[in-house]
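Here is a short note for a colleague opening this structure for the first time. Please keep the model on screen while reading.

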Amino acid sequence: MKDLQANYNLLGDMAPSATLIISAKAKEMKAQGIDVCSMSAGEPDFDTPQAIKDACIQAINEGKVRYLASSGLPELKEEIVKKFAANGIKTNKENIVIATGAKFAIFEAIMSLCGKDDEVILFSPYWLSYPEIIKASGAKAVEVKTTLENNYEPKKADLEKAITDKTKLIIVNSPNNPTGAVYSEQTLKMIAEIAISRNIMVLSDEIYEKLVYNGKKHLSIASLNDQIAAQTITVNGFSKAYAMTGWRLGYLTAPLWLAKRISALQSHATSNATSFVQYAGVSALQGKADKDVTAMVTAFAQRQQLICNLLDEIKGLKYAKPQGAFYVLCDISQSGLNADDFAKQLLEQQKLAVIPCTAFGAPECIRLSYACSEANIKEAIKRLKTFMEQK
Ligand SMILES: Cc1ncc(COP(=O)(O)O)c(C=O)c1O
């Protein structure tokens, strides 16, 4: 059996998602009646707004349950074109591909652009799925470190140093998971200038776009000028902005040559994203749930303030104040533990689940998610403080 398995090296031998493993362990402990407190969630703790649910139910009742054009529902594409226009990105329906989640849109984009011997630049700490998807394509991930001191924004010299003749793609993720960084216009311009001068494509993952705080503004790199727009795939979706993680709906816009390739790939992979879910997406982009979204963002902003105030009271822990998404990345190197051991011991001793960021390219950091109630935040940080004081 072992020999047979050794003959197969499918998809570059992907590692299972580390965030899902910790969440599953915490859930299992909870099911055993253990009082586990969790800061590991990668999804909003809000319910999907009623107006969006209603649009989906209506679509089902109206029999909108058949196959669609694989790249997506024309009505939803129209709304997506308008949505991108609001970001300053000029695009057309032919450039849009609607996929089963932003994750699959990213997967398809990387698969359609990269292969063996290619290199893809990632700013670390990064979302853990990027390197695994890059591996699946046969390409190699090249890390460019960002630091807490620079608020986790990349520096020009570091990016320039990492580029070779094999570089095919630069992945940008702002607002960022796990750092909470929201890139400045200056940083985005720097990346765009380098990408244009070296003729490299950019993938901009903007899934946390709506979750920005402290007066920060989200900026789409493709809106900077026509040249960078012609070299950029912009990915977005409904999971985080509309509390629709389980619905699996995301989308991208890409230059026409690439949108055609991605669309062809999708037609042989999943076909269309679920038909009635796409109708729900239309109602979301038409603003039917905007009030709920505003309330959710306001709650996240308050929680962000709360968690930062509480973290400031813990000695031996460093973090950069997040500007977006719903995570705080904490450098725990002063504890003398690496992130994996830290997270394991914290779960065992204080029954607190956090995400070790080893698979995010930051083995000295843990990620705290504040996609949970204020009471949960207070209890979690109390446990974290007790744990740190014992170190
Ligand atoms: C940076 C980033 N991109 C993409 C995704 C995937 O989003 P979706 O649920 O739409 O597949 C996530 C989900 O955690 C994420 O953190």
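**Notes on the model**

1. Helix α11, residues 275-285, is mostly covered, with 9 of its 11 residues buried. Helices here are DSSP runs of H or I with at least four residues, strands are E runs of at least two, and both are numbered from the N terminus. Buried means that 20 or more other C-beta atoms lie within 10 Å of the residue's own; 12 or fewer makes a residue exposed, anything in between partly exposed, and C-beta atoms are placed from the backbone. The buried residues of α11 include Phe276, Val277, Tyr279 and Leu285. Gln278 and Ser283 are also among them.

2. A word on the source. This is a predicted model, in which local features need pLDDT of at least 70, side-chain atom pairs count only at pLDDT 80 or more, and totals for chains, interfaces and linings use all residues. Residues are numbered from 1 along each chain as its sequence is written.

3. What covers α11? The cover over its buried residues includes α3 (50-61), α4 (74-86) and β2 (96-99). Just after α11, Gly287 has a positive phi of about 85°.

4. The chain splits into domain 1 (2-47 + 290-389) and domain 2 (65-285). These bounds come from an automatic or database domain assignment. Taken over C-alpha atoms, the domain centres are 24 Å apart. Across the boundary, 35 residues of domain 1 are in contact with 34 residues of domain 2. Contact means C-beta atoms, placed from the backbone, within 7 Å.

5. Look next at the side of domain 1 that touches domain 2. Two or more residues each come from α2 (18-31), α12 (290-311), β10 (327-331) and β13 (365-369). The largest share, 6 residues, is from α12. By class, this side has 23 nonpolar, 7 polar and 5 charged residues. Nonpolar covers Ala, Val, Leu, Ile, Met, Phe, Trp, Tyr, Cys and Pro; charged covers Asp, Glu, Lys and Arg; the others, Gly among them, are polar.

6. The largest nonpolar core has 122 residues, and Ala105, Ala109, Leu203 and Ile366 touch the most other members. Helix α5 (residues 102-113) gives the largest share of this core, 8 residues. Domain 1 and domain 2 each supply at least three residues to this core. A core is a set of buried Ala, Val, Leu, Ile, Met, Phe, Trp, Tyr and Cys residues joined through C-beta atoms within 7 Å. Setting aside residues up to four places away in sequence, Ala109 touches Leu203, Ile233, Val235, Leu252, Ala254 and Ile262.

7. Four strands form an open antiparallel sheet in the order β9-β10-β13-β12. β9 (318-319) and β12 (355-356) stand at the edges with a single partner strand each, so one side of each has no neighbour in the sheet. Strands pair if DSSP finds at least two bridges between them. β10 and β13 pair over 5 bridges. Val328 stands opposite Leu368 in β13.

8. Trp127 lies in the loop between β3 (119-124) and α6 (129-137). Is Trp127 buried or exposed? Trp127 counts as buried because it has 23 C-beta neighbours inside 10 Å. Beyond its neighbours within four places in sequence, Trp127 is in contact with Asn173 and Asn177.

9. Finally, the ligand. Surrounding the ligand are 13 residues, the closest being Gly101, Ala102, Lys103, Gly237 and Ser239. The shell has 3 nonpolar, 8 polar and 2 charged residues.

Methods:
A residue is near a molecule or strand if its C-beta atom, placed from the backbone, lies within 6 Å of it. Two residues are in contact if their C-beta atoms, placed from the backbone, lie within 7 Å.
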